[in-house]
Amino acid sequence: MRIFIIKEFLQIFRDTRSMIILFGIPIVQVLLFGFALKTDMKDVNIAVLDQSKDVYSQELTRKILSSEYFNLSSNLSSSKEIEDEFKKGKIREVLVYGEHFGEDLIKNGRADVQIITDASDPNSANIVYSYTQAIINDYLKEINNTAQPIAQIKPITQMRYNKELKSVFMFVPGVITVILMLVSSMMTSISITREKELGTMEILLVSPVKPWQIIIGKVIPYVLLSFVSAVIILLLSYFVFHMPFSGSLLLLLSVTLLFIVLALSLGVFISTVSKTQQVAMLMSMFALLLPTILLSGFIFPIKNMPVILQWISHLMPPKWFVIIIKNIIIKGNGFAVIWKEILILIGMTVFFIVLSIKKFKIRLE
Amino acid sequence: MKQVVVKDLVKRFGRFVANDHLSFEVEKGEIFGFLGANGAGKTTAIKILCGLSAPTSGEVNIAGFDIYKQREKIKQNIGYMSQKFSLYNDLSIAENIRFYGGIYGLSKKTIQEKTEEYIARLGLQEFTKSMVVELPLGVKQKLAFLVAILHNPAIVFLDEPTGGVDPITRRQFWEMIYQEADAGKTLFVTTHYMDEAEYCHRVSIMVDGKIEALDTPENLKKQFGVESVEKVFVKLARA
């Protein structure tokens, strides 16, 4: 078995194409998604509801508007208008000052300003908010140089329409899933069918090596390499794009490993039913990769799909994996919350392993 | 001692009968030629003998072991070279030998010795670092043969080993086959080069799944009153 693993590694490392799929594509994908989602802010239209109209509130508004990032779309006179303004789609943020903004700031040393953003585009909502906050902090520094009690302005944010900011960094779970699916199942199915096509599989089957040893020997290198690939994606997201990470790393890695094994068993299954590398590749593409991208909830929210597609999506292993890692990475949830999904993945893994073993033909009829 | 004993071997694929009641025996040290046109059922039969395919019915005994009950024992005792080139193109000569030696459980020392021996025997000293893909086709075939007998099997099955190889290399290849037969190995060879049939100790000729003739090349020629095995073959195929 060791000899198998060594041989497989040698072959993978010598094949430029495999190396590109294993490491090039993941890195490029993460960088592409990461930078594409990092939209630059300029001339964002905002509305202001100033119920205080004192020196401080007007000064802060002026400061925000004088930056190159924000344009004043309208001054509102009551909170009822906020909803209408958002619905018109012209503005992405509303600043709301309470009635006693300046008074609070001077007397109590602290005042609240409410920042309401349109989170239907969650990524830009987040950016708009952080820019606003930065300007407010700037303003605070200025007034604290003169004012005697150190003043505080506490921004209270409200993300409208998508309170949890569901898709910020959603690309990370998505990319990991797609890559693991691609690498694990496509590469293994291709590498097994390649041996069939070349005729080396016959030689192996004539030898005293057991079929399960052949499969394990084929699969282990890909388990390791896929795992490294997944870790690279996580590291890039964390260090280059500052993805928040709140869950358990150990849990994340073990679930990732579980998903890799699942994807590999799918790959082995595909290789048992396809005779040539091309067939294996097409099958992985259409039976695995496209459903992974389209039906896993990675790009298109499952909730908005027609009921039939929602049902089909339940059968997609990636869907459950996306849910799991979303929970771990973004929400910081632990095993207690996601054990059901993990159980589903384990069930699917066992199912496909058993199926592949049954299907793997010891005798090449 | 009989190395291959086949009695009433039948292989059906649905309604198509690929092997129709084959019976033959091969002695130790014999070079047994297994001839037939493409689609006559040669490869099907050789796959059954190697354990790659299950017979529909009939008895098969290889190296004294029963094909139904003692497959693992058979596997240790046979070598197989398929019509497809069976070495890994993206591994070097030594890596190929190490891999195939490894799956037969040979020791590191044996593998090392065999590697040196093979490289010397084929004169491949300048190719030790290169990948197998860079070798000339004839050399690749000879190397594949040597790798097939790496674990010193009692019987070697060669399925069209000289396909696409030039006449000189074919000649050299057959010299290697003779060497192994002299050393006591049994060689079971399929081919459709009729001149190669003359090199075999005995040949069987298959037509449409049946063995139509089985004897030494000399006897076959006498029996059919022709001067070459090729003509025997043509006569049988047209009948």
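Predicted model: local features only at pLDDT ≥ 70, side-chain atom pairs only at ≥ 80, totals over all residues.

Colleague: Let us begin with chain A. How many helices and strands does chain A have?

Modeller: The secondary structure of chain A comprises 14 helices and five strands. Of its 365 residues, 39% are buried.

Colleague: Which domains does the assignment give for chain A?

Modeller: Domain 1 covers 2-36 + 169-359, and domain 2 covers 44-160. Taken over C-alpha atoms, the centres of these two domains of chain A are 46 Å apart.

Colleague: Now the helices. What describes two packed helices?

Modeller: The general idea is to give the angle between their axes and the distance between the axes. Here, helix 7 (residues 171-198) and helix 11 (residues 277-295) of chain A pack at about 165°, with axes 9 Å apart. Because angles over 145 degrees count as roughly antiparallel, helix 7 of chain A is roughly antiparallel to helix 11 of chain A. Their crossing is right-handed.

Colleague: Which residues make the contact between helix 7 and helix 11 of chain A?

Modeller: Among them are A:Met181, A:Leu182 and A:Ser185 of helix 7, and A:Ala280, A:Ser284 and A:Leu288 of helix 11. By class, this contact has ten nonpolar, seven polar and two charged residues.

Colleague: And between the chains, how many residues of chain B are in contact with chain A?

Modeller: 22 residues of chain B contact 20 residues of chain A. Helix 3 of chain B gives the largest share of the chain B side, four residues. That side has eleven nonpolar, six polar and five charged residues.

Key:
Residues numbered from 1 in each chain as written. Chains lettered and ligands numbered in written order. Contact = placed C-beta atoms within 7 Å. Helix = DSSP H or I, 4+ residues; strand = E, 2+ residues; numbered from the N terminus. Nonpolar A, V, L, I, M, F, W, Y, C, P; charged D, E, K, R; others polar. Domains from an automatic or database assignment. Buried ≥ 20, exposed ≤ 12 C-beta atoms within 10 Å, placed from the backbone. Axes fitted to C-alpha atoms, helices over the stretch in contact; angles between N-to-C directions. Parallel < 35°, antiparallel > 145°, perpendicular 65-115°, else oblique. Left-handed = near helix turned anticlockwise from the far one by under 90°.
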